[in-house]
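Open the model in your viewer and keep the sequence panel beside it. The stops below say what to select and what is there.

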Amino acid sequence: MANTRRLSGRSVGALVAIAFAGLTAGWAVGEAHDRRRLMGEDQQEVARIHAHMKPMCVGRFVIDLPSQAETELTMANVDGLSIVTGMESLADFQTRLADREADIRAIPDRSSGDRNLEAVTSIRTANGLSGKIFVHGRVVSEGTQANGLEIERYRYERVAVDALLHGNGVSIDLTANNYEPARADKVAQLVTLLVPNPENRIPSVTGFCLDYAYFKGLLLPDQGERITMRARLTSHPDIEFMLMLAAGTEPDAKGLLARTAESQRRMTFADRARLTTLRAGRRVIGGRVGEEVAERVVESDILVLHSFWWEVNGSVDDVSNPYLSFTMNTGLSGQRPVPASLSDSTAVLLWDRISSSIRVLASGSSPDARGTET
């Protein structure tokens, strides 16, 4: 009979421990390999998205976006005037200008008379723009109101302003329905700063960029420059970028980090469990000190979404230091969210690459078309 030896409990435990350690090491090596593979794939995906970049001027800032990005500049407003720009032939503009003047003249004034149109100013600027400015639709509110123990009379007047301009294939409409009459007299001076920019080239001078045009030079802080840029990627339609600028606004007493912390404290336990903070803290981009929050959210237990936000509170008295908000969101699709098309690490890489390109429009830089790929 062959001799046999029974292993003791300690020996069995030792062998199990050794085997488990070997398996654990194998798992760790495998996981590390998977992480490296996924990170490599993430970097390749971001590299594909960023293979060709184009600079875009938004207000007084420039941002680099993938050439595939579909962009729009909206909600432009300077000195209380809403601004809409677009490409238009001179013949179509002249027809539209004449129609607008006829429409304004046909409206009765507040006394049911024919003086609704108070002033028409023909414009021809050194930058190649021509058109007209209409001041019309005066509204007067007057009466009495209590001021402590005294009764005093008041009178408020407002007018509508339409400035319709065209040059180099670009039409620019500046309009307001509730404008101070004294400010209306200064609109003619304001429009002389406009430069048509049909190819959306990056200006080589200090300016405030619109779509197909820009204001040359610096404006006053109380003229309140505002504009919003939106961008979507054709290869990843669930991703949206938004850059908002607003000069001359009072800084918020609470910054992004404080507001985010307050919002999270108001969440239910279940909502907090679905939220992961990827990053939160102070971040400097292009010399601007801001605050950043990056979050991952699980919707309906299966949909993974991302939210990235960088914000600069700005200054009320410096147009070169406006309120600035840049965001990137994944999982967007109409009314209902969809699974994010990027992994967490890929989304972070994409966010870092694009957000880090934000910089002030530099005076004296060489002109560059928005569509130029780099």
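Which residue in β7 is the bridge partner of Gln145? Select Gln145 and Glu152: Glu152 is that partner.

Before going on, some ground rules. This is a predicted model, in which local features need pLDDT of at least 70, side-chain atom pairs count only at pLDDT 80 or more, and totals for chains, interfaces and linings use all residues. Residues are numbered from 1 along each chain as its sequence is written, and side-chain values use heavy atoms, with hydrogens and water left out.

**Whole chain**

Of the 374 residues, 40% count as buried (under 20% relative accessible area; exposed is over 50%, partly exposed in between; 1.4 Å probe, protein chains only). Now colour by contacts (heavy atoms within 4.5 Å). Among those between residues at least 6 apart in sequence, 60% join residues at least 24 apart. The chain exposes about 20500 Å², with carbon and sulfur atoms supplying 52% of it (Shrake-Rupley method, 1.4 Å probe; for residues, only the protein chains shown count as cover).

Select 117–124 and 130–147. These are β5 and β6, antiparallel and joined by seven bridges. Two strands pair if DSSP finds at least two bridges between them. Pick Ser122 next: its bridge partner in β6 is Lys132. Then go to the hairpin, where five residues lie between the strands and Gly128 takes a positive phi near 90°.

Select β1 (53–58) and β19 (359–360), then β2 (61–66). The order in this open sheet is β1-β2-β19, with antiparallel pairing. β1 and β19 stand at the edges with a single partner strand each, so one side of each has no neighbour in the sheet. Two bridges pair β2 with β19. Zoom to Val62, which stands opposite Arg359.

**Helix α7**

Finish at 344–355. Helix α7 has 12 residues and reaches 16 Å from first C-alpha to last, close to the 16 Å expected at 1.5 Å a residue (1.5 Å times one less than the number of residues). Show Thr346, Ala347, Leu350, Trp351, Ile354 and Ser355, the buried residues of α7. Look down the axis: these buried residues fall within an arc of 145°, so they line one face of the helix. The arc is that of the directions from the helix axis to the C-beta atoms.

Key
Helix = DSSP H or I, 4+ residues; strand = E, 2+ residues; numbered from the N terminus.
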